Amino acid sequence: MVGCLTVLSAQTVRQAVHLAPNGKGWGVERKVSVEAGASTNKPAATNGIIYHGGPVMRANSVNVYFIWYGNWTNGPTPSDRQHTVSLLDILFAPTRGIGSSSYFKINTTYSDTVGHPTGNIGLVASTTNNYSRGKKLADSDVQAIVSSAISSRALPKDANGLYFVLTASDVAETSGFCTKYCGWHTSGLIGGTDIKYAFVGNSDRCPSSCEMQTVSPNGNSGADGMASIMAHEAAEAVSDPDLNAWYDSAGNENEDKCAWKFGPVTGVLGHGAYNQTFGTYNWLIQMNWENSRGGGCDKTLGGKFYTQ
Ligand SMILES: [Zn+2]
């Protein structure tokens, strides 16, 4: 679905006919009426995914902002928590992370009426939030956390930005984190600007739902689990920022079509296996759907397609 990554154990996609992504990894029925027999104007799905007319993120580089919500620096295992922050900073570092990878260039295959994304993305700034909305967040709290970071000027207001709300493992997201999804993305009007944002919780809260392996390439199951989910939401935000651009007839956005599929890995799954190397770091990151050559899941732009 658009913007949402379903949990490992529940990759159910509802079988409705007209679906739109809801940012949470499962399809919802569109709230627009579709006339019977209106098939002449149906967009073609040459590569297994359909353009619905909305914009993609075409900025020269998409600016990533992290909002670390809750306790990421203190507590029973401070070094482990700080390590998580460092690793995810590295994953989104502009020159040695996902932003300079051929993996993220897969998103260049998603054009809107003006052009296509560059495939460049990088972390610009981060801030923290000390449980201002408590430990049980509703979706509206997530938007409020982003809004507060912008209105307080902790982070700039950036229409070319993607704001991640990253919650500590003692925080619940009550619309279904760990049971229905591991992360989601959407957009909303904040201070008069269309702001793209995503929720990703610490996957250590529910390893069996949101982590492919607990022995992970960088020795930090939370960071390594979140890495794949953040990659998923980032690619969907770029190709379908407002949930009205690229998704298939079941409401699946590009990364939804490859959820929990990694292709060939180095090592053994469950024992620190990885399938991507960015800079000097290894990661296990799900594949993305390439919108060319008939469509398929691959690890790099123009690479071999894999079904698992
Ligand atoms: Zn998704």
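Is N288 buried or exposed? The relative accessible area of N288 is 0%, so this residue counts as buried; buried means under 20% relative accessible area, exposed over 50%, and partly exposed in between, with a 1.4 Å probe and protein chains only.

This is a predicted model, in which local features need pLDDT of at least 70 and side-chain atom pairs count only at pLDDT 80 or more, while totals for chains, interfaces and linings use all residues. Residues are numbered from 1 along each chain as its sequence is written, and side-chain values use heavy atoms, with hydrogens and water left out.

**The chain as a whole**

The protein chain has five helices and 16 strands. These are DSSP runs numbered from the N terminus: helices are H or I with at least four residues, strands E with at least two. Of its 308 residues, 55% count as buried. The accessible surface comes to about 12300 Å², and 50% of that belongs to carbon and sulfur atoms; the areas come from the Shrake-Rupley method with a 1.4 Å probe, and for residues only the protein chains shown count as cover. Contact means heavy atoms within 4.5 Å. Among contacts between residues at least 6 apart in sequence, 71% join residues at least 24 apart.

**Nonpolar cores**

A nonpolar core is a set of buried Ala, Val, Leu, Ile, Met, Phe, Trp, Tyr and Cys residues joined through side-chain atoms within 4.5 Å. The largest one has 67 residues, and F66, F92 and F164 have the most contacts inside it. Helix 5 (residues 221-239) gives the most to this core, with ten residues. Apart from it lies another core of nine residues, including V56, Y110, A245 and C258. Leaving out residues up to four places away in sequence, F66 touches residues including L88, F92, T127, F164 and M230.

**Two single residues**

N288 is in strand 15 (residues 288-290). Its side chain makes the polar contacts in the table, a polar contact being a pair of N or O atoms within 3.5 Å; within protein, one must be able to donate a hydrogen and the other to accept it, and residues adjacent in sequence count only if both atoms are side-chain atoms.

| Side chain | Partner side chain and distance |
|---|---|
| N288 | N254, 3.5 Å |
| N288 | E255, 3.5 Å |

Beyond four places in sequence, N288 is also in contact with other residues, among them Y103, A235 and C258.

A154 sits in the loop between helix 3 (139-151) and strand 8 (161-167). Its relative accessibility is 38%, so A154 counts as partly exposed. Not counting residues up to four places away, A154 touches T127 and A149. The C-alpha atoms of A154 and T127 are separated by 6.4 Å, although the two residues are 27 apart along the chain.
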